[in-house]
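Q: Could you walk me through how to read a protein fold, from the whole chain down to a single side chain?

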Amino acid sequence: MPNIEAASPHTMNTYGRLPIALDHGDGVYLWDVNGKRYLDGLAGIAVNTLGHNHPKLVPALQDQVAKIIHSSNYYHVPNQEKLASKLVQISGMTNVFFGSTGLEANEAAIKLARKYGHDRGIARPEIVVYEKAFHGRSIATLSATGNEKVQKGFGPLVEGFIRVPMNDIDALRKATDGNPNVVAVMFETIQGEGGINQMRIDYLQKVRALCNVKDWLLIIDEVQCGMGRTGKWFAHQWAGIVPDVMPLAKGLGSGVPIAAVVAGPKAADIFQPGNHGTTFGGNPLAMRAGVETIRIMEEDGLLENAARVGARLKQTLARELGGLKEVVEIRGQGLMIGVELARPCGVLTQRAAEAGLLISVTADTVVRLLPPLILTERQADDIVAILAPLVKQFLAE
Ligand SMILES: *Cc1c(COP(=O)(O)O)cnc(C)c1O
């Protein structure tokens, strides 16, 4: 496909796209319109949980499309209850609201927190958020996001957010000390867009305890790090804690747009009829995708796979790149891995693609890997075999 850059004159110029048009996929491989093959190290940004053309998912979705795609929330959608009960079971929480995108799930979480405050007589509720956080690009969620590039040009921002650094319980205490308007703390267990930055286990436990004492809602955005990616259903489960509100999206439907806000007992009854809603949320196609994704993940042991193959991937990366001077850190958990370099390395996305590997670079300096959870150890080795020489070459320039 020559001149692919000029091929989209009518779509808004919102993305820095690579000059590639993907045509189809199978497993962890994708082919572009010219027939070139790529190893998928990104899964559509943590979306394609089961890879592409999955032999169990595709027939289920075909069946669903032929039955009913959309009906509206004027009527019951049986698979909403089926998926909700499954999410409740794997999260240890109680009730679910369905939407279609990550920002929508976070928007609902922010509304829940604000109404939680209003219900308790707090007229101007405030939510603690974090440096380098990413929660989406609606006006409220970009205000919660800790990245000026996302916010620039869209002021005035929504008020009611207090920003603190990660992993610093004293900073959180100090920022909220004596403030009666705080209603919630909101963060990603592992920041995705911010550069694969992990909340420490002890910090997670301390924030959970503080929220209990203060009666704040703990909102954990698992949109990117959730749905099995780290080797547990949700990344915060490594700390043995349970949030009060948990936005989900990306990997939940293995490619079909879907989001969910899962709520525990403190937040499950905040929304009453008329408080919230969305046209596409919980539609039959998305619900079927969610139900089947979780079923297949369980049947095929994909949590264990993510943990095992992820550990191998990180180890192999560490062996190949760990000692190098400008490799700052190799971090992450399961199949959510970042390699931080000492300087901006965005050019590596293009070079990797040319070499047949899809990755992303986030926060300017962090090579990010989010492959499908069906990745095998051998395919993990293949990722490193393509990536490591490119990183070495880049660092030698
Ligand atoms: C991607 C992402 C979002 C936003 O999801 P969209 O579907 O793009 O709106 C929110 N939070 C986190 C942690 C994300 O990674």
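**Reading the fold**

A: S13 and strand S14 (residues 336-341) pair in the antiparallel sense, over six bridges. Two strands count as paired if DSSP finds at least two bridges between them; helices (H or I, at least four residues) and strands (E, at least two) are DSSP runs numbered from the N terminus. This is a predicted model in which local features need pLDDT of at least 70 and side-chain atom pairs count only at pLDDT 80 or more, while totals for chains, interfaces and linings use all residues. Residues are numbered from 1 along each chain as its sequence is written, and side-chain values use heavy atoms, with hydrogens and water left out.

Q: Which residue of S14 is the bridge partner of Ile330?

A: In general, strands of a sheet pair through backbone hydrogen bonds, either parallel or antiparallel. Here, Ile330 has Val339 as its bridge partner in S14.

Q: What is the strand order of the open sheet?

A: The four strands run S13-S14-S17-S16, with antiparallel pairing. Strand S13 (327-333) and strand S16 (360-362) are at the edges with a single partner strand each, so one side of each has no neighbour in the sheet. From one strand to the next, the twist averages 25°; axes are lines fitted to C-alpha atoms, for helices over the stretch in contact, and angles run from 0 to 180 degrees between N-to-C directions.

Q: Which helix packs on the sheet?

A: Helix H10 (residues 302-321) does, touching S13, S14 and strand S17 (366-369). Contact means heavy atoms within 4.5 Å. The direction of H10 makes about 175° with that of S13.

Q: How is the protein divided into domains?

A: Domain bounds come from an automatic or database domain assignment. Domain 1 covers 4-53 + 301-396, and domain 2 covers 68-299. Their C-alpha centres lie 26 Å apart, and 29 residues of domain 1 are in contact with 29 residues of domain 2.

Q: Is Gln64 buried or exposed?

A: Buried means under 20% relative accessible area, exposed over 50%, and partly exposed in between (1.4 Å probe, protein chains only). Gln64, found in helix H2 (residues 57-67), counts as buried because its relative accessibility is 7%. Leaving aside residues up to four places away in sequence, Gln64 touches Ile69, Asn79, Pro284, Leu285 and Arg288.

Q: What percentage of the 397 residues counts as buried?

A: The figure is 53% of the 397 residues. The protein has 12 helices and 17 strands.
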